[in-house]
Amino acid sequence: MNDFEYWQERSEQNIILTEQLANSYNEQLAREYNKVIKSLQQQLYEFYALYASENGLTLQEAQKKLSSKELKLLMAVYRHAIEMLLLQQEVDQPNIYLEGYESSFYHTLYDIQTYSGIGATFTRPTRDMVVAALAQKYLGQNFSGRLWQNKEMLIYTLKKEIKQAFAAGTSAKNVAETVAKKMNTRLGVAQTLVRTEMANVANQGNLLAYKEAGVKEYKLLATLDFKTSEICRELDGNVYLVSQAERGVNYPSFTPNCRTTT
């Protein structure tokens, strides 16, 4: 095995470990979203029933008479539930990403020292380093900005769909199904963000290991298949100075779900 094959194999193994961490957290995220979906659906049913009871209407009649005032009351409850869900993500996820950061850093540093036979003292990764990595902007936004944009899009979508359902006198069951569908769509967006940022912090962990070990240059290694982006295809194999590494420019991640490493 030549030098390139050795490092390619080690890099690919690190990518697999990073993906496993992201997938594990995304399974947890799906459970959290499903719990909120069930809660929102239950609140919807209770809201319909309460409105009908207070106004002496049947549930079917209530479904046709709900007004913008009632919509605002319901959406206030929904907004609170969704904000709590997203706030918990903002609190929890840096700790999850720290695991990916540390894993990449220690594996890469170990590989370098094992291959070269040269040991070195090094800075231990910290949560602050991960927070700094997440604060980096690419495509105009950082991690926190994307997280809360997902929240606003979710609330906007739910309000729009429920308003239309109210106007059409749609049954509570059908509205509840719509709520679940829209929530699951935004869950997909949230999971993409997790995969993207996990790859980002893993690559930042690699970069820290390069700096700590005195590595001067790195080569980009893209995963080449039908899903590979044009920019990653173009940059695959390029060599850059470690001192000039810049995310999204000459250092991964370059795109959402980016699988390019170094």
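How many disulfides does the count come to? I took a disulfide as a pair of cysteine sulfur atoms within 2.5 Å. By this rule I got 0 disulfides.

This is a predicted model, so I noted the limits: local features need pLDDT of at least 70, side-chain atom pairs count only at pLDDT 80 or more, and totals for chains, interfaces and linings use all residues. Residues are numbered from 1 along each chain as its sequence is written, and side-chain values use heavy atoms, with hydrogens and water left out.

**Cysteines.** I checked Cys 232. Its closest cysteine sulfur is in Cys 258, 3.8 Å away, which is too far for a bond. Cys 232 is buried at 5% relative accessible area (buried is under 20%, exposed over 50%, partly exposed in between, with a 1.4 Å probe and protein chains only). Cys 258 is also buried, at 5%.

**Rings.** I found 4 aromatic pairs. Rings of Phe, Tyr and Trp (its six-membered ring) pair if their centres lie within 6.5 Å; planes under 30 degrees apart are stacked, over 60 edge-to-face, the rest tilted.

Tyr 97 and Phe 143 have ring centres 5.7 Å apart and planes at 90°, so I logged the pair as edge-to-face. The pair links distant parts of the chain, 46 residues apart: Tyr 97 sits in helix H3 (residues 68-116) and Phe 143 in helix H5 (residues 143-168). Helices here are DSSP runs (H or I, at least four residues), numbered from the N terminus. Tyr 97 is buried at 1%, and Phe 143 is buried at 4%.

Phe 105 and Tyr 106 are edge-to-face too, with centres 5.2 Å apart and planes at 70°. Phe 105 is buried at 0%; Tyr 106 is partly exposed at 30%.

Last entry: ring pairs link Tyr 218, Tyr 240 and Tyr 251 into a cluster.

Key. Helix = DSSP H or I, 4+ residues; strand = E, 2+ residues; numbered from the N terminus.
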